[in-house]
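Subject: Structure for your files

Hello,

Here is the structure you will be working with. My notes on its side-chain pairings follow below it.

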Amino acid sequence: MKTAVITVASRSRAEHLERQRRVLAEVATDIVRVEAWLDASPPDGIPDADTLTLHVPPGPYGMRVGEGRNRAAAAAVSAGAELLVFLDVDCLPGADLLPAYRDAARAHPDAILAGAVTYLASVQRPGSASDLPFLVRPHRARPALEPGATRTASREEYDLFWSLSFAVTPATWDRIGGFHPGYEGYGAEDTDLAWTARAADVEMRWVGGADAFHQWHPVSSPPWQHLDDILRNGATFHARWGSWPMGGWLEAFAAAGAIEQRDDAWVRSRA
(Lines give C-alpha, C1' and ligand atoms only; values in the text may rest on other atoms or scores of the structure.)
Protein backbone atom coordinates (compact mmCIF):
# COMPACT_ATOMS: atom_id res chain seq x y z
CA MET A 1 0.00 0.00 0.00
CA LYS A 2 1.74 3.15 -1.23
CA THR A 3 1.73 5.51 1.75
CA ALA A 4 2.19 9.26 1.98
CA VAL A 5 3.33 10.94 5.18
CA ILE A 6 2.04 14.52 5.24
CA THR A 7 3.47 17.23 7.47
CA VAL A 8 2.76 20.96 7.67
CA ALA A 9 5.93 22.78 8.66
CA SER A 10 7.32 26.15 9.66
CA ARG A 11 10.72 27.57 10.55
CA SER A 12 9.65 27.88 14.18
CA ARG A 13 9.63 24.07 14.40
CA ALA A 14 12.78 23.42 12.38
CA GLU A 15 14.43 21.34 15.12
CA HIS A 16 11.33 19.19 15.52
CA LEU A 17 11.10 18.69 11.77
CA GLU A 18 14.72 17.58 11.48
CA ARG A 19 14.20 15.01 14.23
CA GLN A 20 11.02 13.79 12.55
CA ARG A 21 12.81 13.43 9.21
CA ARG A 22 15.58 11.44 10.87
CA VAL A 23 13.21 9.05 12.64
CA LEU A 24 11.05 8.61 9.53
CA ALA A 25 14.13 7.66 7.54
CA GLU A 26 14.83 4.96 10.14
CA VAL A 27 11.34 3.44 10.21
CA ALA A 28 10.20 3.82 6.60
CA THR A 29 11.90 3.83 3.22
CA ASP A 30 8.88 3.20 1.01
CA ILE A 31 6.83 6.35 1.52
CA VAL A 32 5.85 9.49 -0.34
CA ARG A 33 6.99 12.37 1.86
CA VAL A 34 4.99 15.63 1.53
CA GLU A 35 5.84 18.83 3.42
CA ALA A 36 3.62 21.90 3.20
CA TRP A 37 5.40 25.01 4.48
CA LEU A 38 3.12 27.60 6.08
CA ASP A 39 5.50 30.54 6.55
CA ALA A 40 5.12 33.77 4.58
CA SER A 41 8.15 32.88 2.47
CA PRO A 42 9.11 29.49 0.98
CA PRO A 43 11.62 27.27 2.79
CA ASP A 44 15.29 28.05 2.39
CA GLY A 45 17.58 25.96 0.26
CA ILE A 46 16.90 23.29 -2.34
CA PRO A 47 14.03 20.93 -1.50
CA ASP A 48 14.92 17.33 -0.80
CA ALA A 49 14.65 15.34 -4.02
CA ASP A 50 12.69 12.63 -2.17
CA THR A 51 10.15 15.08 -0.72
CA LEU A 52 7.24 16.87 -2.35
CA THR A 53 7.55 20.43 -1.00
CA LEU A 54 4.68 22.91 -1.14
CA HIS A 55 4.34 26.50 0.00
CA VAL A 56 0.99 27.62 1.46
CA PRO A 57 1.46 31.18 2.77
CA PRO A 58 -0.60 32.55 5.68
CA GLY A 59 -3.96 34.21 5.26
CA PRO A 60 -4.95 37.53 6.83
CA TYR A 61 -5.29 35.96 10.29
CA GLY A 62 -2.45 33.47 10.41
CA MET A 63 -1.16 30.14 9.18
CA ARG A 64 -3.56 28.04 7.15
CA VAL A 65 -2.96 24.65 8.70
CA GLY A 66 -6.03 22.97 7.24
CA GLU A 67 -5.44 24.33 3.75
CA GLY A 68 -1.81 23.21 3.94
CA ARG A 69 -2.93 19.69 4.74
CA ASN A 70 -5.53 19.78 1.96
CA ARG A 71 -2.99 20.78 -0.68
CA ALA A 72 -0.46 18.26 0.59
CA ALA A 73 -3.09 15.52 0.43
CA ALA A 74 -3.92 16.46 -3.17
CA ALA A 75 -0.23 16.29 -4.08
CA ALA A 76 0.10 12.90 -2.39
CA VAL A 77 -2.90 11.49 -4.24
CA SER A 78 -1.52 12.81 -7.53
CA ALA A 79 1.72 10.96 -6.70
CA GLY A 80 -0.21 7.70 -6.38
CA ALA A 81 -0.62 7.43 -2.62
CA GLU A 82 -3.11 4.79 -1.47
CA LEU A 83 -3.01 5.86 2.17
CA LEU A 84 -2.61 9.36 3.61
CA VAL A 85 -0.91 9.55 7.00
CA PHE A 86 -1.00 13.01 8.61
CA LEU A 87 1.73 13.62 11.16
CA ASP A 88 2.26 17.02 12.74
CA VAL A 89 5.73 18.52 12.60
CA ASP A 90 5.97 18.12 16.39
CA CYS A 91 5.43 14.35 16.21
CA LEU A 92 7.74 11.39 15.79
CA PRO A 93 6.45 8.10 14.36
CA GLY A 94 6.87 4.92 16.32
CA ALA A 95 8.32 2.00 14.39
CA ASP A 96 4.88 0.41 14.08
CA LEU A 97 2.88 3.54 13.28
CA LEU A 98 2.84 3.07 9.53
CA PRO A 99 2.33 -0.74 9.59
CA ALA A 100 -0.52 -0.34 12.09
CA TYR A 101 -2.24 2.31 9.99
CA ARG A 102 -1.78 0.21 6.83
CA ASP A 103 -3.26 -2.89 8.46
CA ALA A 104 -6.19 -0.89 9.79
CA ALA A 105 -6.77 0.75 6.41
CA ARG A 106 -6.86 -2.63 4.67
CA ALA A 107 -9.43 -3.88 7.17
CA HIS A 108 -11.40 -0.62 7.42
CA PRO A 109 -10.81 1.43 4.25
CA ASP A 110 -13.89 3.58 4.83
CA ALA A 111 -12.82 4.80 8.29
CA ILE A 112 -10.75 7.69 9.56
CA LEU A 113 -8.01 6.11 11.69
CA ALA A 114 -6.49 7.55 14.86
CA GLY A 115 -3.55 6.19 16.85
CA ALA A 116 -2.38 6.97 20.37
CA VAL A 117 -0.14 9.94 21.18
CA THR A 118 2.51 10.18 23.89
CA TYR A 119 3.44 13.69 25.01
CA LEU A 120 7.17 13.73 25.74
CA ALA A 121 8.59 15.64 28.67
CA SER A 122 11.08 18.46 28.17
CA VAL A 123 14.00 16.22 29.12
CA GLN A 124 12.99 13.50 26.66
CA ARG A 125 14.79 14.20 23.39
CA PRO A 126 14.96 10.84 21.60
CA GLY A 127 17.84 10.57 19.21
CA SER A 128 16.55 7.65 17.18
CA ALA A 129 13.55 5.39 16.65
CA SER A 130 15.09 2.80 18.97
CA ASP A 131 14.57 5.17 21.93
CA LEU A 132 10.81 5.47 21.44
CA PRO A 133 9.48 2.11 22.75
CA PHE A 134 10.78 3.00 26.22
CA LEU A 135 8.84 6.28 26.20
CA VAL A 136 5.33 5.03 25.39
CA ARG A 137 2.82 6.69 27.71
CA PRO A 138 -0.39 7.41 25.76
CA HIS A 139 -2.39 10.45 26.73
CA ARG A 140 -5.07 9.47 29.23
CA ALA A 141 -7.79 11.51 27.53
CA ARG A 142 -8.06 9.05 24.64
CA PRO A 143 -8.36 5.29 24.24
CA ALA A 144 -5.09 3.36 23.93
CA LEU A 145 -5.51 -0.13 22.51
CA GLU A 146 -3.18 -3.09 22.38
CA PRO A 147 -1.09 -3.39 19.19
CA GLY A 148 -3.15 -4.95 16.42
CA ALA A 149 -6.48 -4.00 17.98
CA THR A 150 -8.92 -1.45 16.60
CA ARG A 151 -12.23 -0.13 17.90
CA THR A 152 -15.01 2.01 16.50
CA ALA A 153 -15.28 5.38 18.23
CA SER A 154 -18.57 6.38 19.78
CA ARG A 155 -20.28 9.53 18.50
CA GLU A 156 -19.09 11.38 21.59
CA GLU A 157 -15.49 10.29 20.97
CA TYR A 158 -15.29 12.27 17.73
CA ASP A 159 -14.55 15.22 20.02
CA LEU A 160 -11.32 13.43 20.98
CA PHE A 161 -9.99 13.44 17.42
CA TRP A 162 -6.58 15.12 17.17
CA SER A 163 -5.20 15.89 13.74
CA LEU A 164 -1.58 15.54 14.85
CA SER A 165 -1.65 11.82 13.90
CA PHE A 166 -4.30 10.16 11.75
CA ALA A 167 -4.68 8.22 8.53
CA VAL A 168 -7.29 7.90 5.82
CA THR A 169 -7.61 6.42 2.33
CA PRO A 170 -7.98 8.89 -0.56
CA ALA A 171 -11.56 7.72 -1.18
CA THR A 172 -12.55 8.41 2.41
CA TRP A 173 -10.67 11.72 2.36
CA ASP A 174 -12.75 12.73 -0.67
CA ARG A 175 -15.91 11.65 1.12
CA ILE A 176 -15.05 13.89 4.10
CA GLY A 177 -13.98 16.74 1.85
CA GLY A 178 -10.80 17.61 3.74
CA PHE A 179 -10.35 20.46 6.20
CA HIS A 180 -12.68 23.45 6.02
CA PRO A 181 -10.72 26.42 4.60
CA GLY A 182 -12.35 28.96 6.92
CA TYR A 183 -9.92 28.40 9.82
CA GLU A 184 -6.71 30.40 10.09
CA GLY A 185 -4.27 30.51 12.95
CA TYR A 186 -4.78 28.29 15.97
CA GLY A 187 -7.63 26.00 16.87
CA ALA A 188 -10.84 24.19 15.88
CA GLU A 189 -9.92 22.87 12.44
CA ASP A 190 -9.39 19.32 13.71
CA THR A 191 -12.68 19.19 15.63
CA ASP A 192 -14.40 20.54 12.53
CA LEU A 193 -12.90 17.74 10.44
CA ALA A 194 -14.09 15.14 12.93
CA TRP A 195 -17.61 16.57 13.03
CA THR A 196 -17.65 16.71 9.22
CA ALA A 197 -16.68 13.03 9.12
CA ARG A 198 -19.38 12.18 11.65
CA ALA A 199 -22.01 14.12 9.70
CA ALA A 200 -21.02 12.15 6.59
CA ASP A 201 -21.36 8.87 8.54
CA VAL A 202 -17.64 8.18 8.23
CA GLU A 203 -16.56 5.78 10.95
CA MET A 204 -13.73 6.87 13.23
CA ARG A 205 -11.60 4.02 14.45
CA TRP A 206 -8.99 3.90 17.22
CA VAL A 207 -5.86 2.01 16.14
CA GLY A 208 -3.62 0.19 18.60
CA GLY A 209 0.12 0.22 17.92
CA ALA A 210 0.06 3.38 15.78
CA ASP A 211 1.99 5.34 18.38
CA ALA A 212 3.12 8.90 17.74
CA PHE A 213 5.35 10.88 20.10
CA HIS A 214 4.71 14.59 20.50
CA GLN A 215 7.99 16.45 21.00
CA TRP A 216 8.07 18.93 23.85
CA HIS A 217 7.87 22.66 23.31
CA PRO A 218 6.75 25.45 25.64
CA VAL A 219 2.99 25.87 25.97
CA SER A 220 0.61 27.79 28.16
CA SER A 221 -2.73 26.64 29.48
CA PRO A 222 -4.96 28.26 28.52
CA PRO A 223 -3.02 29.37 25.42
CA TRP A 224 -3.11 33.12 25.89
CA GLN A 225 -1.07 33.81 22.77
CA HIS A 226 -3.87 32.26 20.70
CA LEU A 227 -6.83 33.96 22.38
CA ASP A 228 -7.95 35.93 19.33
CA ASP A 229 -7.53 32.90 17.06
CA ILE A 230 -9.62 30.79 19.43
CA LEU A 231 -12.41 33.38 19.50
CA ARG A 232 -12.41 33.81 15.73
CA ASN A 233 -12.15 30.13 14.85
CA GLY A 234 -14.58 29.23 17.59
CA ALA A 235 -17.11 31.62 16.04
CA THR A 236 -16.57 29.98 12.63
CA PHE A 237 -17.17 26.58 14.18
CA HIS A 238 -20.29 27.84 15.96
CA ALA A 239 -21.67 29.23 12.70
CA ARG A 240 -21.18 25.84 11.06
CA TRP A 241 -22.25 23.52 13.87
CA GLY A 242 -24.23 25.52 16.41
CA SER A 243 -21.87 24.99 19.35
CA TRP A 244 -18.55 26.34 20.57
CA PRO A 245 -15.42 24.12 20.59
CA MET A 246 -12.51 24.39 23.03
CA GLY A 247 -14.93 24.92 25.93
CA GLY A 248 -12.36 24.33 28.66
CA TRP A 249 -10.12 27.10 27.35
CA LEU A 250 -13.03 29.49 26.87
CA GLU A 251 -14.11 28.91 30.47
CA ALA A 252 -10.53 29.53 31.68
CA PHE A 253 -10.28 32.78 29.71
CA ALA A 254 -13.66 33.83 31.10
CA ALA A 255 -12.64 32.99 34.67
CA ALA A 256 -9.61 35.26 34.21
CA GLY A 257 -11.89 38.07 33.04
CA ALA A 258 -10.49 38.19 29.50
CA ILE A 259 -13.67 37.21 27.66
CA GLU A 260 -17.39 37.17 28.26
CA GLN A 261 -20.43 35.57 26.70
CA ARG A 262 -22.91 37.79 24.91
CA ASP A 263 -25.95 35.93 23.62
CA ASP A 264 -24.46 32.94 21.76
CA ALA A 265 -21.02 34.49 21.24
CA TRP A 266 -17.78 34.65 23.20
CA VAL A 267 -16.02 38.01 22.86
CA ARG A 268 -13.28 39.97 24.60
CA SER A 269 -14.49 41.61 27.78
CA ARG A 270 -15.23 45.30 27.75
CA ALA A 271 -12.45 47.36 29.30
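Tryptophan 195 is buried, with a relative accessible area of 15%, in a model that is predicted. The cut-off for buried is under 20%, so tryptophan 195 at 15% falls within it. Tryptophan 241 has 26% relative accessibility and therefore counts as partly exposed.

The rings of tryptophan 195 and tryptophan 241 form a pair, with centres 5.8 Å apart and planes at 70°, so the arrangement is edge-to-face. Tryptophan 195 belongs to helix H5 and tryptophan 241 to helix H6 (residues 227-241), so this pair ties together parts that are 46 residues apart in sequence.

Aromatic pairs

The count of aromatic pairs comes to 11. One of them joins phenylalanine 166 and phenylalanine 179, whose ring centres are 6.3 Å apart and whose planes stand at 65°, so this pair is edge-to-face. Phenylalanine 166 is in strand E8 (residues 165-168), while phenylalanine 179 is in the loop between helix H4 (170-176) and helix H5 (189-199), so the pair ties together parts that are 13 residues apart in sequence. Phenylalanine 166 is buried at a relative accessible area of 0%, and phenylalanine 179 counts as buried at 2%. Both residues belong to a cluster in which ring pairs link Phe86, Phe161, Phe166, Trp173 and Phe179.

Asparagine 233

Helix H6 also holds asparagine 233. This residue has 0% relative accessibility and counts as buried. Which residues does asparagine 233 contact, leaving aside its neighbours within four places in sequence? They are Gly182, Tyr183, Glu184, Gly185, Tyr186, Gly187 and Ala188. As for serine 41, asparagine 233 is 192 residues from it in sequence, and the C-alpha to C-alpha distance is 24 Å.

Salt bridges

Side chains of opposite charge can pair when their charged atoms come close. In this model the count of salt bridges comes to 19.

- Glutamate 15 and arginine 125 form a salt bridge in which the closest N and O atoms are 3.9 Å apart. The pair links distant parts of the chain, 110 residues apart: glutamate 15 is in helix H1 (residues 14-27), and arginine 125 is in the loop between strand E6 (112-119) and strand E7 (150-152). Glutamate 15 counts as partly exposed at 49% relative accessibility, and arginine 125 is partly exposed at 44%.
- Arginine 232 and aspartate 229 meet in a salt bridge at 2.8 Å, N to O. Both lie in helix H6, 3 residues apart, about one turn of the helix. Arginine 232 is partly exposed with a relative accessible area of 22%, whereas aspartate 229 is buried at 14%.
- Arginine 205 and glutamate 203 meet through their side chains at 2.4 Å, N to O. Arginine 205 counts as buried at 12% relative accessibility, whereas glutamate 203 is partly exposed at 24%.

Finally, Glu18, Arg21, Arg33 and Glu35 are linked in a network of salt bridges.

Regards

Technical notes: Residues numbered from 1 in each chain as written. Predicted model: local features only at pLDDT ≥ 70, side-chain atom pairs only at ≥ 80, totals over all residues. Heavy atoms only, no water. Phe/Tyr/Trp six-rings, centres within 6.5 Å; stacked < 30°, edge-to-face > 60°. Helix = DSSP H or I, 4+ residues; strand = E, 2+ residues; numbered from the N terminus. Buried < 20%, exposed > 50% of the residue type's maximum accessible area, 1.4 Å probe, protein only. Contact = heavy atoms within 4.5 Å. Salt bridge = Lys/Arg side-chain N within 4 Å of Asp/Glu carboxyl O.
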